[in-house]
Structures are given as C-alpha cells and as structure tokens.
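Hello,

Here is the structure I promised to pass on to you. Please open it next to this email, and my notes follow below.

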Amino acid sequence: MTLRDILNKLLGRHPASASKARERLQLVLAHDRTDLSPDLLEQMREEILNVVAKYVEIDLEGGAVSLETEDRMTALVANLPIKRTLSGEIQIKEQTKKETVSSSIEEATE
Amino acid sequence: MTLNTRVILICSGKGGVGKTTLTANLGISLASKGSPTAVLDADFGLRNLDLLLGLENRIVYTAQEVLEENCRLDQALVKHKQEPNLSLLPAGNPRMLDWLKPEDMVKIVDMLSKQFEYVLIDCPAGVEDGFRNAVAASKEAIIVTNPEVSAVRDADRVIGLLNTHGIKPVQLVLNRVRPKMMESQEMLSIEDVTDILALPLLGLVLEDEQVIVSTNRGEPLTLIGSSHSPAARCYSNIAGRLKGEDIPLIDPSKEGSGLRDKFRRLMQTKIF
C-alpha cells in the first residue's frame, strides 16, 4: 500500500486503475492459457467433487475449483471443506478443517 | 565466410503496438554499430516497413521474384542510402499470401543468413498464416507489447505459440511507456507486465511524439541519432543489449526531476 492508496481511501476516490488491469489480466490469462471454457470448468468441478465425495463427506456448497496462474504456470486449485471421513472413525471438525487439493496443469499447448 | 547469423522475429500478436517501428529502429541501430543487417517485412498483406525506412520509392523486386527465380537476391535487396549496412527485403504483394509456405520463408531467410549478421523479421499481426510463416524461419524472438490489457493478453497468446515452436530466447520490449501514468498507478507497471508474461525484459521504450515525426519523414529516430529523443535512446540501448553490451535499463520513475516529480515519487513510497 502506498501513500497514494491511503489518500484515495480517505477521500473515497476510486483506486488507481493499474491494479484493476492486473487483476483482470490474471483472470483472463488463466483461462486463455488452459483453453478451458467456463462450462468445461464447471463440468470438471462436478466430476472432481464426485470423486472426492466417494472417500470423504464434503461440503458441496463451500467447495470451489478455480484456476490460478503464476509464472506462466497455471494451477487448478480445489478448495474442498471436509465434513468428515466416510469411514466414520475420524471426526474432523466441521467447516474449520479445509483440505486443499491442488494439481498443476502444464500450460496449455497447441 | 560463415556468419553466426541471428534471425530474430519481432512480433506482438496485437497490431499497432510498434513492431514495425522497432524493427526499423533496431535495424538502423545495429547497422550503425557495424553489423550487416537485413530487415525482412513478413507482412505480405499490409507492408509498411519500407515506408518507415523511407525506401518505398526504391523497391523494384520483392521476395516473391527471388523465390520465383526471376531475379537475384541482391537485386531485390534495397540498401539504405545513409546506412549502407542495412538492407530491406521488401514483401511481395497481397496475392503472395495464397501460395507462400513456411518453407519459402525458410528459403529466403537462409539466403539472407549468408550475407548478414542480423536478420530482423517484421511479423504480421495476428496468429494466422502470416505469423506461422514468419515463425518457421525464426530462431529467436522479441515480443513487443504496450502496458495495456489487450496488448498484454495477445502477447501472452503469442508467447505460448512461440514456446510450442521451440523459439528461444524470447525477450520482451515494453513499448510506449508513460512514466507519469505508471507513477500514478494508472498504467500497468514494468514489473506487472514482466511478472505476468514471465519474460526477460530486453528493454523499454518511452512514449515519444518524435516517433510520429520520424515516420512522417521516413527517417527512423536512430538514424538521426537525436540525443534529445527519449525513444531513440531506448532503441539504441536495445540494439546494444542485443549485441551483448551491458546497458542498464532506463528507470522511468527517474525521468522527471522537478518538484512535482519528487512529490509523485513520495506518493509512490510503499508503506506496508
């Protein structure tokens, strides 16, 4: 945060547009690089949830699957809150414990 | 004599970001530093490199006639009068697009490589046939982009394609940098662009009205060697770095020295 950002906040002005540009670019590039349409991503999300649901009980509402990009590497990040394991032996505290399953997909190649 | 010719593709994806201007200025600059240089206009549909170099009236033959063996290469090459180390191989005409194949581009570039130390290929905008032809003949590449979302997005797409074609190295030139807008954070910063595209920065070019003036005249800025032109300085630095000279990057935030500039810098100070 810079002096300018603080001043903008105090005066209730819009933040400078460069950060907005950066955010929008990162999002659009994550999709460009994998060539995944939102429909396909949604389909993949459902399938992943179904597979994980075979082993553990997960919070289907709270689950999120997204694409994140860093250094031209795009990672598929799934954040799936586990309610409890289906074996019933181990009780994991609801909502608090979160398991992150992430896997890297090499940048989409032509 | 065998030359270790460097065949450099200058591309951007998006049109109008400054590929042709960079090609013309780098060509002149490399030539004036003593390297025999050829610039090849791979934009057969919409050629412009001849115009920026002021050579539009001296074109007799094109790469097309060379490929059809209707003339020799040295007949088609247009030597620059003030900078005889630089030659332009003009594009063919739009009809050429129909039959030009990647192999043809490779053939032309192979011929040029026998005579020149640097072959700069001015790539057409887009990622279609013209781009693929130009890539086929290239060994390394310079990506030109502006600090704008559309230009950066298209550059990213092109970088992906260059990677799959095994072009190496791919370096970045950030064009039309406006230090004041960057400082007020109304323009993507240099780090933003290099982080997002993950490419080494070969150089940046400051926004400069002189570029338009020089295009009007058909005399690239580096030809006049105007020391008062910020862009000319940037182009010359880039040429130097290509030749392996160790030239530090221009720091755009130090471009102004007045009280206002100092205040602007204070406002940029990171507090946390």
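Which residues touch the most other members of the largest nonpolar core? They are B:Ile10, B:Leu40, B:Val119, B:Ile121 and B:Ile143, in a core of 83 residues. Helix α12 (residues 230-242) of chain B supplies the largest share of this core, seven residues. By nonpolar core I mean a set of buried Ala, Val, Leu, Ile, Met, Phe, Trp, Tyr and Cys residues joined through C-beta atoms within 7 Å. A residue is buried if 20 or more other C-beta atoms lie within 10 Å of its own, exposed if 12 or fewer, and partly exposed in between, with C-beta atoms placed from the backbone.

Before going further, a word on the source: this is a predicted model, where local features need pLDDT of at least 70, side-chain atom pairs count only at pLDDT 80 or more, and totals for chains, interfaces and linings use all residues. Residues are numbered from 1 along each chain as its sequence is written, and chains are lettered from A and ligands numbered from 1 in the order in which they are written.

Back to B:Ile10: leaving aside neighbours within four places in sequence, its contacts (C-beta atoms, placed from the backbone, within 7 Å) include B:Leu22, B:Ile121, B:Cys123 and B:Ile142.

Strand β6 (residues 140-145) of chain B pairs with β7(B) in the parallel sense over five bridges; pairing takes at least two DSSP bridges. Helices (H or I, at least four residues) and strands (E, at least two) are DSSP runs, numbered from the N terminus. On its other pairing, β7(B) runs parallel to strand β8 (residues 201-206) of chain B, joined by four bridges, and there B:Leu174 has B:Leu204 as bridge partner. Six of the eight residues of β7(B) (residues 170-177) are buried, so this strand is largely enclosed by the rest of the structure.

Now to chain A. Its three helices and four strands follow the pattern α-α-α-β-β-β-β along the sequence. Of its 110 residues, 7% count as buried.

Where the chains meet, 22 residues of chain A and 24 of chain B take part. On the chain A side, α1 (3-10) and α2 (17-34) each give two or more residues, and α2(A) gives the most, with twelve. That side divides into eight nonpolar, five polar and nine charged residues, where Ala, Val, Leu, Ile, Met, Phe, Trp, Tyr, Cys and Pro count as nonpolar, Asp, Glu, Lys and Arg as charged, and the others, Gly among them, as polar.

Best wishes

Key:
Two residues are in contact if their C-beta atoms, placed from the backbone, lie within 7 Å.
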